[in-house]
There are 2 protein chains.
Amino acid sequence: KLFSPQSLALSVQGKRAPQFLRTARRQEKSCWKRSGYVQERTRWHLGTGSERRPPSIHRIKASSLKLRFCTNETQATREKFVKKLQGLGFDISVDEVTAPAPAACRVLKERSLRPHLLVHDDVVPEFAEIDKANPNCVVIGDAADNFSYANLNEAFRVLIGLENPVLISLGRGRYYKETDGLKLDVGAYMKALEYACDIQAEVVGKPAKMFFESALAELGVQPQQAIMIGDDIVNDVGGAQQCGMRALQVRTGKYRPSDENHPQVKPDAYVNNLAEAVELLLQELRE
Amino acid sequence: KLFSPQSLALSVQGKRAPQFLRTARRQEKSCWKRSGYVQERTRWHLGTGSERRPPSIHRIKASSLKLRFCTNETQATREKFVKKLQGLGFDISVDEVTAPAPAACRVLKERSLRPHLLVHDDVVPEFAEIDKANPNCVVIGDAADNFSYANLNEAFRVLIGLENPVLISLGRGRYYKETDGLKLDVGAYMKALEYACDIQAEVVGKPAKMFFESALAELGVQPQQAIMIGDDIVNDVGGAQQCGMRALQVRTGKYRPSDENHPQVKPDAYVNNLAEAVELLLQELRE
């Protein structure tokens with residue numbers, strides 16, 4: 001037996017789903033009808049034919065495997081994110097999701113930090129219970145249109161005015177794709193503030209160790225009992241392995257053939273898609 | 001004789017002048033009247049008593065020394081910048097100024113580069129004669145309010161769409177002070193684009209070697225015949241020395257006592273202010 005997992009962490013991302021669907025509906029309607037999304041993006045695996053529930057997720061939930069969805073989504077609360085995925089046919093609930101904002105909240109509470117928020121309006125409610133008066137740190141997320149010159153300057157002034165500036169970043173992504181083109185992600189703005197203040201941000205999203213430790217705590221298992229399945233060689237596979245988990249890379253989505261020669265990260269195995277990964281793991285459970 | 005210079009490069013900066021004057025007029029009027037600006041900021045040295053012309057500049061111009069003003073100002077054309085300084089009593093003309101935008105134009109022409117501009121509206125006229133159609137590089141300056149999320153994304157898309165992305169930056173400053181507070185400078189946004197595209201920008205402002213080479217070419221002298229006088233240990237002193245010039249640091253303006261223990265840069269001498277520097281050099285000429 002290669003893996004013998006008790007649990008499974010699955011990479012999911014919110015940003016691409018609507019874009020993929022819109023593109024699919026517009027440009028690939030016939031292809032989509034013929035085959036579902038399966039061959040296109042495993043992550044938005046909606047099954048074949050008329051079945052609208054992702055069969056892979058369904059099969060995992062019907063097994064003895066514990067399941068956790070891991071996302072770097074920071075443009076929405078988990079509630080909104082989950083609603084979107086449910087609308088796409090996913091069998092998913094809020095308490096199954098590990099996301100950067102709640103991880104940041106734990107850090108803030110533990111260290112009595114009061115954040116100035118530079119985040120998307122839609123993720124602000126995640127910080128509802130956090131004291132934000134008289135800030136002694138900055139939390140930066142994928143703020144999108146909130147990344148104005150004025151807002152960046154405001155966050156910068158908070159940091160530069162602190163004796164020990166603390167910058168907590170909800171991710172380190174470079175950019176992502178939306179229907180109207182490529183957009184800079186939180187990592188780029190994190191770098192701007194790091195440079196201006198001569199500091200290093202603390203990243204709480206994937207691939208940070210802290211993120212995977214949260215997921216494991218929520219699953220209630222040890223790292224060696226968990227397997228990460230994702231398409232991102234650095235954020236999913238590298239991050240999970242750093243934490244002692246094993247990790248499969250799916251050859252879909254963000255996957256590029258060049259990933260197989262990555263200088264630092266080597267997955268424990270490759271699979272062509274999520275369905276294949278699930279088949280492999282369930283077979284091991286049966287043996 | 002310590003220096004025996006034939007020429008002199010003098011650091012000037014546009015951003016601070018109006019702020020300094022406003023502050024001076026408001027808060028230090030009596031002190032200002034008593035002593036002029038001399039003891040406050042050598043760079044805005046306006047003479048003592050009723051004399052409104054900077055005596056240090058005047059004395060240099062009356063000597064055999066060639067003079068060049070070196071600025072990292074990228075929020076205005078040289079014309080506007082010079083008008084502002086003239087209004088403050090400086091004896092200065094456009095063809096005495098070395099600035100990043102004209103340096104960038106020379107690079108663009110030499111390498112047949114067509115820029116997408118992410119700069120301040122007021123500096124755009126410096127690029128009037130440059131072909132900007134179908135851009136194959138990005139030029140970034142201190143764009144201030146033009147640093148919107150939309151504009152950053154646009155510049156990013158130009159870069160990421162190029163086979164060999166070229167990013168030319170008019171400076172690498174971290175931040176600066178204006179009357180309404182600290183503002184992020186071009187360096188922070190340069191870092192954001194560098195990270196997003198996984199590239200290194202080419203900096204044409206101080207402390208880049210290219211910048212000082214331009215100033216020397218315009219003076220028509222060899223590096224060892226020129227002296228830089230400035231208050232910025234890295235951008236003025238370090239940059240000039242890297243280029244083979246000698247450099248004096250004035251103990252005014254940006255100068256901090258900790259500069260005297262800088263791990264990399266050591267000025268050829270310290271002077272308390274510009275008047276002292278000029279006195280020192282003119283004395284050597286007389287000897």
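**Exercise 1. Which residue in S5(B) does B:Leu117 stand opposite? Work out the sheet around this pair.**

Before you start, keep in mind that this is a predicted model.

Step 1. Look across from B:Leu117 and you find B:Val139 in S5(B).

Step 2. Zoom out to the two strands. S4(B) pairs with strand S5 (residues 137–140) of chain B in the parallel sense, over four bridges.

Step 3. Now take in the whole sheet. It's an open one with four strands in chain B, ordered S4-S5-S6-S9, and the pairing is parallel. Strand S4 (115–118) and strand S9 (202–203) of chain B are at the edges with a single partner strand each, so one side of each has no neighbour in the sheet.

Step 4. Helix H5 (residues 100–110) of chain B lies across S4, S5 and strand S6 (167–169), at about 155 degrees to S6(B). H7(B) lies across S5, S6 and S9 of chain B, and runs at about 170 degrees to S6(B).

**Exercise 2. Describe where chain B touches chain A.**

Step 1. Start with the head count: 30 residues come from chain B and 30 residues from chain A.

Step 2. Next, the area. About 2,600 Å² is buried between the two chains, and carbon and sulfur atoms give 63% of that. On the chain B side, B:Tyr149, B:Leu184 and B:Tyr195 lose the most area to chain A, together 33% of what that side buries.

Step 3. Ask which elements take part. Helix H6 (149–160), strand S7 (175–178), strand S8 (181–184) and helix H7 (186–197) of chain B each supply at least two residues to the side that touches chain A. H7(B) gives the most, with eight residues.

Step 4. Sort the residues of that chain B side by type: 16 are nonpolar, five polar and nine charged.

**Exercise 3. Trace the strand pairings in chain A.**

Step 1. Begin with the hairpin, which joins S7(A) to S8(A) through two residues. Strand S7 (residues 175–178) and strand S8 (residues 181–184) of chain A pair in the antiparallel sense over four bridges. Within S8(A), A:Leu182 is the bridge partner of A:Lys177.

Step 2. Move to the open sheet with six strands in chain A. Its order is S3-S2-S1-S10-S11-S12, with parallel pairing. Strand S3 (97–98) and strand S12 (269–271) of chain A stand at the edges; each has a single partner strand, so one side of each is left without a neighbour in the sheet.

Step 3. Pick one pair inside that sheet. Strand S10 (residues 226–230) and strand S11 (residues 246–250) of chain A pair in the parallel sense over four bridges, and A:Ile229 has A:Leu248 in S11(A) as its bridge partner.

Step 4. Place the helices. Helix H8 (residues 209–219) of chain A packs on the sheet and touches strand S1 (7–11), strand S2 (66–70), S3 and S10, making about 150 degrees with S2(A). Helix H10 (residues 274–286) of chain A lies across S1, S10, S11 and S12, at about 160 degrees to S10(A).

Notes: Residues numbered from 1 in each chain as written. Chains lettered and ligands numbered in written order. Predicted model: local features only at pLDDT ≥ 70, side-chain atom pairs only at ≥ 80, totals over all residues. Heavy atoms only, no water. Contact = heavy atoms within 4.5 Å. Buried area = accessible area lost by both parts, 1.4 Å probe. Nonpolar A, V, L, I, M, F, W, Y, C, P; charged D, E, K, R; others polar. Pairing = 2+ DSSP bridges. Axes fitted to C-alpha atoms, helices over the stretch in contact; angles between N-to-C directions.
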